[in-house]
Amino acid sequence: MRPEQGGEMPSGKQNCENLKMALKGAELDANHIQKNLELLNQEITRVGGDIARLGISVEDLTYIDQKLTSKAQLFGNEFPAQQAEQLHSLIEQAEAREVEKPVKMAETALSGGELSPEQTVKSEVAKINSAIDAFNHWLQIFSGDLNSGGPIWQQVDRGLNRNLEELNRLRSSELIAKGKIPEATEDLLFATVDRVRQLKSRHDRLQQPPTYAQAA
């Protein structure tokens with residue numbers, strides 16, 4: 001049972017340890033892993049990504065994330081894709097909080113409480129890199145399903161839309177419009193947006209025949 005109160009640390013940390021142990025072997029208990037992954041995600045969400053309150057580090061979560069990806073084939077059809085995606089997003093949230101800490105410290109040191117231009121750019125670059133990493137990680141998990149229809153089509157479509165929405169949001173930022181973001185970062189962002197658009201265009205065509213058939 002999970003403690004309902006007084007549990008900043010116990011349950012989330014225990015779920016994390018359970019997952020690290022469960023992902024070490026070659027024989028995986030998919031149900032056990034999915035259950036602990038769901039609970040861990042809930043705990044991280046509850047604390048708003050402030051995983052230090054759970055006694056967990058980004059390194060702990062990254063270890064689980066990498067193990068899930070490297071052992072995806074061992075799960076077969078039982079791979080907890082939705083939970084794995086959520087965990088990766090939560091890792092980005094936790095990393096963003098860590099980036100914000102020195103930024104906030106710098107903010108208090110500046111008159112008027114405003115960020116310096118350098119800190120603002122640094123924070124935006126971190127967000128861009130995080131979004132690109134999130135897409136690449138998603139693609140690593142779902143690359144084998146990009147040409148599939150049915151329920152998998154819908155799941156992949158949601159993932160493509162989510163990644164494209166976030167990347168486009170960053171692409172249209174004021175800092176990019178003013179040329180403040182390093183050229184290499186900007187080029188990589190634009191290239192990633194184009195890649196997602198191409199994948200989505202190709203993936204959308206998979207759903208067209210049944211849509212036309214239904215309309216007829």
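Rings of Phe, Tyr and Trp (its six-membered ring) are treated as a pair if their centres lie within 6.5 Å; planes under 30 degrees apart count as stacked, over 60 as edge-to-face and the rest as tilted. In the predicted model, ring pairs link Phe135, Trp138 and Phe142 into a cluster. Residues are numbered from 1 along each chain, and side-chain values use heavy atoms, without hydrogens and water.

The chain contains 10 helices and zero strands, assigned as DSSP runs (H or I, at least four residues, for helices; E, at least two, for strands) and numbered from the N terminus. Of its 216 residues, 41% are buried, that is, under 20% relative accessible area with a 1.4 Å probe, protein chains only.

Helix α6 (residues 117-142) and helix α9 (residues 183-206) have axes that come within 10 Å and cross at roughly 35°; axes are lines fitted to C-alpha atoms over the stretch in contact, with angles from 0 to 180 degrees between N-to-C directions. Contacts (heavy atoms within 4.5 Å) join residues including Val125, Ile128 and Phe135 in α6 to residues including Leu188, Arg195 and Leu199 in α9.

Phe135 and Trp138 form a stacked aromatic pair, 6.3 Å centre to centre with 20° between the planes. The two residues are three apart in helix α6 and therefore separated by about one helical turn. Phe135 is buried at a relative accessible area of 1%, and Trp138 is likewise buried at 3%.

Note on methods:
This is a predicted model: local features need pLDDT of at least 70, side-chain atom pairs count only at pLDDT 80 or more; totals for chains, interfaces and linings use all residues. Buried means under 20% relative accessible area, exposed over 50%, partly exposed in between (1.4 Å probe, protein chains only).
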